[in-house]
Amino acid sequence: MKKANSKVRQKPIVSIIVPTLNERKHIKACIRALENQSVPREHYEIIVSDSSSDDDTVKISKTIVDKVVVCKRQGAGFGRNHGARHAKGEILGFVDADTLVEEKWVEGLIETLSKKHKNGKHVAVACTGPLENIEKEHLHINLFYKWWNLQSKASTIARYPIFPGFNFGARKKEFWDAGGFPNVNMVCEDMDLSLRLGKIGGTGFSKKMKVKTSARRQIEIPIHKHILSGVRYALTKKSMTWNEYRKDF
């Protein structure tokens, strides 16, 4: 793997933000997948946005990514926003540390968010792609991810985008026009932002933006908690806090 300071010699098209908190076990594999892309490396930068980890996450990340930014405040939404503030690219990509992207992920991101109508407006201001879980030993979780994948695609067609934060793309201007991810303690921060972006412009689903992500949270916390959280937000626009989400587990 190349030295971090030799990777990006021109302004990148894409900035990929990876929020972290004590992710030393996963961060190398995540970055390795982001490095192995069909798009030339100089077209994108990788930013790790760390929420003051107390393990070796920052130390490891500094040797393999373009930029590491650290904040004291914890929370996936806040971490993603913090990383986005340091982004040079016009397109933002968000991937979690326990997620592995396919080799055409960046290519799909650029294609989807660069395409324009005849009037000059972008066809899509936000996008996502196929997803599946890494751990396959639990049948009910496998089925849950199949449903989640279908939901992501169908919600784009229905113009009611519900995108997962671990596989999320957005044009930077519209991202900030929408206010970015909510800086509050809520579970559905990704759903909240994707719906707000959907009101600003079109959204897309790229088959090239395929990812595999860890089902560790679904293994720790019963599936009905995840479904209940999403349904509650869809109906009431009120989200569980992370404390409520993890209660009794």
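**Figure 1. Strand 4 pairs with strand 8 in the antiparallel sense, over 5 bridges.** The model shown here and in the following views is a predicted one. Within this pairing, glycine 93 stands opposite glycine 169 in strand 8. Strand 4 also pairs with strand 1 (residues 14-20), here in the parallel sense and over 4 bridges.

**Figure 2. Strand 4 (residues 91-95) is largely enclosed by the rest of the structure, because 5 of its 5 residues are buried.** A residue counts as buried when its relative accessible area is under 20%. In a regular strand, side chains alternate between the two faces of the sheet. In strand 4, Ile91, Gly93 and Val95 point one way, and Leu92 and Phe94 point the other way. The residues of both groups are buried.

**Figure 3. Aromatic rings form pairs, of which the structure holds 12.** The rings of phenylalanine 144 and tyrosine 145 have centres 5.8 Å apart and planes at 90°, so this pair is edge-to-face. Phenylalanine 144 has a relative accessible area of 7% and is therefore buried. Tyrosine 145 is likewise buried, with a relative accessible area of 2%. Elsewhere, ring pairs link Phe94, Phe163, Phe168, Phe175, Trp176 and Phe181 into a cluster. Phe94, a member of this cluster, is also one of the buried residues of strand 4.

**Figure 4. Helix 9 (residues 223-236) has residues in a nonpolar surface patch and also has buried residues.** The helix has 14 residues and reaches 20 Å from its first C-alpha to its last, close to the 20 Å expected at 1.5 Å a residue. Its buried residues are Ile223, Lys225, His226, Ser229 and Tyr233. An α-helix has 3.6 residues a turn, so residues three or four places apart point the same way. Helix 9 is followed by lysine 237, whose phi is positive, near 60°.

**Figure 5. Trp147, Ile227, Val231 and Leu235 form a nonpolar patch on the surface.** Together, these residues have about 400 Å² of accessible area. Helix 9 gives the most to the patch, with 3 residues. Leucine 235, a member of the patch, is found in helix 9. Its relative accessibility is 70%, so leucine 235 counts as exposed; the cut-off for this term is over 50%.

**Figure 6. Serine 52 has a positive phi of about 60°, although it is not a glycine.** Serine 52 lies in the loop between strand 2 (44-50) and helix 2 (57-62). With a relative accessible area of 34%, serine 52 is partly exposed.

**Figure 7. Arginine 159 also has a positive phi of about 60° and is not a glycine.** The loop that holds arginine 159 runs between helix 5 (139-157) and strand 8 (167-171). Arginine 159 counts as exposed, because its relative accessibility is 76%. Strand 8, at the end of this loop, is the strand that pairs with strand 4 in the antiparallel sense.

How values were computed
Residues are numbered from 1 along each chain as its sequence is written. This is a predicted model: local features need pLDDT of at least 70, side-chain atom pairs count only at pLDDT 80 or more; totals for chains, interfaces and linings use all residues. Side-chain values use heavy atoms; hydrogens and water are left out. Patches are made of residues with over 30% relative accessible area and no salt bridge: like charges are joined within 9 Å, nonpolar side chains (Val, Leu, Ile, Met, Phe, Trp, Tyr) within 5 Å. Accessible areas come from the Shrake-Rupley method with a 1.4 Å probe; for residues, only the protein chains shown count as cover. A salt bridge is a side-chain nitrogen of Lys or Arg within 4 Å of a carboxyl oxygen of Asp or Glu. Helices (H or I, at least four residues) and strands (E, at least two) are DSSP runs, numbered from the N terminus. Buried means under 20% relative accessible area, exposed over 50%, partly exposed in between (1.4 Å probe, protein chains only). The expected span of a helix is 1.5 Å times one less than its number of residues. Two strands pair if DSSP finds at least two bridges between them. Rings of Phe, Tyr and Trp (its six-membered ring) pair if their centres lie within 6.5 Å; planes under 30 degrees apart count as stacked, over 60 as edge-to-face and the rest as tilted.
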